[in-house]
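Hello,

Here is the structure I said I would pass on.

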Amino acid sequence: MAAEVIMPKAGMAMDEGTVVQWYKQVGDSIEQGEAVLEILTDKVNMDVEAEASGVLLAQLAKEGDVLPVFTVIGYIGAEGEAVPQATASAETVAAAPEETATAKAVAAAPVAKVTSDGKLRATPAARKIARDKSLDLASVPGSGAKGRIHAVDVLEFRPQADASILAKRIAADMGVDLDSIAGSGARGRVLKADLMATQQQAAPVVMEAKVEDTLIPYKGIRKVIGDRMQESFFTAPHATLTIEIDMTKSIEMRKSLVDAYKDSIGEKPSFNDMVILAVAKALRAHPGINSTLTDEGILQHGNINIGFAAATAEGMLVVPVIRNADQKDFRKLVVEAKDLGRRAVKGKILPDEMQGSTFTISNLGMFGITEFTAIINKPNAAILSVGAIIERCVPVNGEIAIRSMMNATINFDHRIVDGAPAAKFLQTLKQNLENPYLML
């Protein structure tokens, strides 16, 4: 019996997923555990693995389709095995090899893109773009289900100029774009004479380069990030405090640990790892910062789960979470942070690995940013922004010395955290990083 490929529920908050791409095509052999397709959840891209070996019998969803979790999106079975009729549809099931000719014929036929009440099937974004470009949506072929017109259809649509058959043939032979020619025929129809007259203009013309605008759909992870930032910024009154930390001893400690850690755990500790450790210990001393505002009251979390902001290869913001960070040996913390960070960059981190944070760190020091403020990652009560370590002259015991200094800024929800507790938290953080050996 054919095995189903379903849209997985990759996390408690996931209600639907988007098909990004199929790795396997109908007829391809698949081993159990092998990636069949890639989907987009509300947080990350992830692979869907085959739960059985065999061949891919059907693809019940196209790339770009958004489907509820647990929807059957494909079947794997023995070669030639029938696909269950209850879920397979002529519109979405890819044809078996012997049915290719028929399927192509069906695909080539005109697709109805009008609903039963005579309205065009089109997404709101497609309608807006069409209005902005003064395009008649009825002339745009739709690539969606039942001919539904998507934004990309409108963006890629290039109406052909009205031209005589002879003009079209000549233009094709000469490789001339008819859209660039003004027609002298009825209603601007391009005639052979128009085409030839254009080509006879021997004088070279310097054409100004045309740079087209690019419309990037505001959806998927980009929209999720944007919506959460907006919600946090406009619901939590942000207050900000900054402290300067002398990182000279932290630098010395890191240098002393690099070789030993590389040999024992295969990883080098980073300054970000040290900040995570210092924050975890500071939160244990100041539990009010490690809290969440709920409908029932202010929830002070018993566990200290540190989220740290990371960017995927596409530049998307994700926040992996190190659970119970205060209870972990520094070696274990380094290994876990490196593993989460690498998979976050590749977009391979699981949704559940980005949930449950009680405090978040955002570090832009590696980009040379010396100081900034971040938006609180709700439902956290605060977020710490970490800047670059910069050598500069500072007074030490009445003498001018060159020290490695770093700014740390806390943004906190002023409804539940006051300035003094936030300042004391920063003081403890400063003490931890200026006396790093005491943390080990």
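This is a predicted model: local features need pLDDT of at least 70, side-chain atom pairs count only at pLDDT 80 or more; totals for chains, interfaces and linings use all residues.

The protein chain has 440 residues, and 40% of them are buried. Its secondary structure consists of 10 helices and 18 strands. Of the contacts between residues at least 6 apart in sequence, 60% join residues at least 24 apart. The accessible surface is about 24,500 Å², with 54% of that belonging to carbon and sulfur atoms.

The largest nonpolar core holds 51 residues, and the members that touch the most others are Val279, Ile306, Phe359, Leu384 and Ile410. Helix H8 (residues 271-285) supplies the largest share of this core, 9 residues. Leaving aside residues up to four places away in sequence, Val279 touches Ile306, Phe359, Ile361, Leu384, Phe425 and Leu429. Another core, of 19 residues, lies apart from the largest one; Val5, Met7, Met14 and Leu56 are among its members.

The helix pair is H7 (residues 248-265) and H9 (residues 330-345), which pack with their axes 11 Å apart at an angle of about 75°. Angles of 65 to 115 degrees count as roughly perpendicular, so H7 and H9 are roughly perpendicular to each other. On the H7 side the contact is made by Leu257, Tyr261, Ser264 and Ile265, and on the H9 side by Phe330, Arg331, Val334 and Val335. By class, the H7 contact with H9 comprises 6 nonpolar residues, 1 polar and 1 charged.

Regards

Conventions. Residues are numbered from 1 along each chain as its sequence is written. Side-chain values use heavy atoms; hydrogens and water are left out. Axes are lines fitted to C-alpha atoms, for helices over the stretch in contact, and angles run from 0 to 180 degrees between N-to-C directions. Helices (H or I, at least four residues) and strands (E, at least two) are DSSP runs, numbered from the N terminus. Angles under 35 degrees count as roughly parallel, over 145 as roughly antiparallel, 65 to 115 as roughly perpendicular and the rest as oblique. Contact means heavy atoms within 4.5 Å. Ala, Val, Leu, Ile, Met, Phe, Trp, Tyr, Cys and Pro count as nonpolar, Asp, Glu, Lys and Arg as charged, and the others, Gly among them, as polar. Buried means under 20% relative accessible area, exposed over 50%, partly exposed in between (1.4 Å probe, protein chains only). Accessible areas come from the Shrake-Rupley method with a 1.4 Å probe; for residues, only the protein chains shown count as cover. A nonpolar core is a set of buried Ala, Val, Leu, Ile, Met, Phe, Trp, Tyr and Cys residues joined through side-chain atoms within 4.5 Å.
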